[in-house]
Structures are given as C-alpha cells and as structure tokens.
Amino acid sequence: MSQLLVILIAAACSIAVFALLLRRRARRVEFELFQERATAVETGSAKARLQHPHIDLSLCMGCGACVRACPEEGVLELRHGQATVLHGARCVGHSRCADVCPVDAITITLEGLESRRDIPALTHELEAVGQPGLFVAGELGGFALVRTALSQGAAVGAAVAARVA
C-alpha cells in the first residue's frame, strides 16, 4: 500500500513539473509575440498602408483558419485566443483570410483614406460620391488585386442592371 502511495505521489509530481514546463514554454512564445508586435509598431509595419484585414473580435472564435490561410508572412496572429493583425503593412489584400473565416469575422478594408487624395469616396454600390453614374472598381478604388477588381466589377454590373430595370 505504501509503495502505491509513493508511486502516485511521484507521478503527481512528474505531471506537475511537466505542466509547469508547458506553461513556461507558452509564456515564452507569448513574450516573443509581444516583442514582435512591439517591433512592428516601432518600425511602422503594424499599421496598414491601404488594404488590410479588419477583425470583429465580438465574432472571432479563435480557430486560426485565417492565420493559416494568409499567404503573406506575419500579417495575422492568434493572441489571447483571437485573431489579431500583427503586420498590417504586409497585407496585399488576397482576402483568403476572410474567405475561410467560418463566422465572417474578417473583412478586407482600406486604411488611411483620410490622407489619400487619390482614392475616391464611394457608396456601398461603388458609385463615386458626388458623381452619380460613375462607378469605380479595382485599383482605382484602392484594391490592387485582379480578383477583387473582378468581384467589384460584377457588383457594379449588378447595381447598374438593377437601376436600369
């Protein structure tokens, strides 16, 4: 009986040490991510220049599908169980993160439009504000990918068709 008790105590101690080592490793990884985020803020790569993912944290469930789907290194990370933008300036607007998000918590948006005089103000139908009938799609609207331009062009076509009908 006493041998069994000694074995159980030794096993419990081993499990406790292993759990402490795992927790220490997790804290080290978290600290490294914190340092990387601080470096990104310091160098200016944390702030997006134009296109970047916007994450609605009230919807994000932290599955990490967006982080795995992003073809650009270091744009997104999982932090405290939710996705966050780490290096927004590295985003080129693939929108794969938004496509794979199971709860639609991610949208690709534009940043810094208030300082950009070369990007027109658009309605939700991609019509230029102050210029009725002028629709803008693709790179003129700030989104540089052909894929985005095609989907915006289709949306413009649908909006024009709805108006004509």
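Student: By class, what residues make up the lining of the largest pocket?
Tutor: This is a predicted model. The lining has five polar, three nonpolar and two charged residues.

Student: Which residues are they?
Tutor: The largest pocket is lined by G93, S95, A98, D99, T107, I108, F143, R147, T148 and S151.

Student: Which element gives the most?
Tutor: α4, with three residues. At least two residues each come from α3 (96–100), β4 (106–110) and α4 (146–164).

Student: And how much space lies in that pocket?
Tutor: About 180 Å³.

Student: What lies nearest the centre of the largest cavity?
Tutor: C60, G62, C63, C66 and C101, out of 13 lining residues. By class, that lining divides into 11 nonpolar and two polar, with no charged residues.

Student: What about the lining of the second largest cavity, by class?
Tutor: Five nonpolar, three polar and two charged. Its lining residues include C70, P71, E72, C91 and R96. G93 and S95 are also among them, and both line the largest pocket as well.

Student: Now the surface. Which residues form the nonpolar patch?
Tutor: L59, M61 and V103. Together they have about 250 Å² of accessible area.

Student: Where is L59?
Tutor: In the loop between β1 (51–55) and α2 (65–69).

Note on methods. Residues are numbered from 1 along each chain as its sequence is written. This is a predicted model: local features need pLDDT of at least 70, side-chain atom pairs count only at pLDDT 80 or more; totals for chains, interfaces and linings use all residues. Side-chain values use heavy atoms; hydrogens and water are left out. On a 1 Å grid over the protein atoms alone, a cavity is a set of points where a 1.4 Å probe fits but cannot get out, and a pocket is an open set with protein on both sides within 12 Å along at least five of seven lines; lining residues have an atom within 4 Å of a point. Grid points are joined across faces, edges and corners, and a volume is the space filled by probe spheres set on the points. Helices (H or I, at least four residues) and strands (E, at least two) are DSSP runs, numbered from the N terminus. Ala, Val, Leu, Ile, Met, Phe, Trp, Tyr, Cys and Pro count as nonpolar, Asp, Glu, Lys and Arg as charged, and the others, Gly among them, as polar. Patches are made of residues with over 30% relative accessible area and no salt bridge: like charges are joined within 9 Å, nonpolar side chains (Val, Leu, Ile, Met, Phe, Trp, Tyr) within 5 Å. Accessible areas come from the Shrake-Rupley method with a 1.4 Å probe; for residues, only the protein chains shown count as cover. A salt bridge is a side-chain nitrogen of Lys or Arg within 4 Å of a carboxyl oxygen of Asp or Glu.
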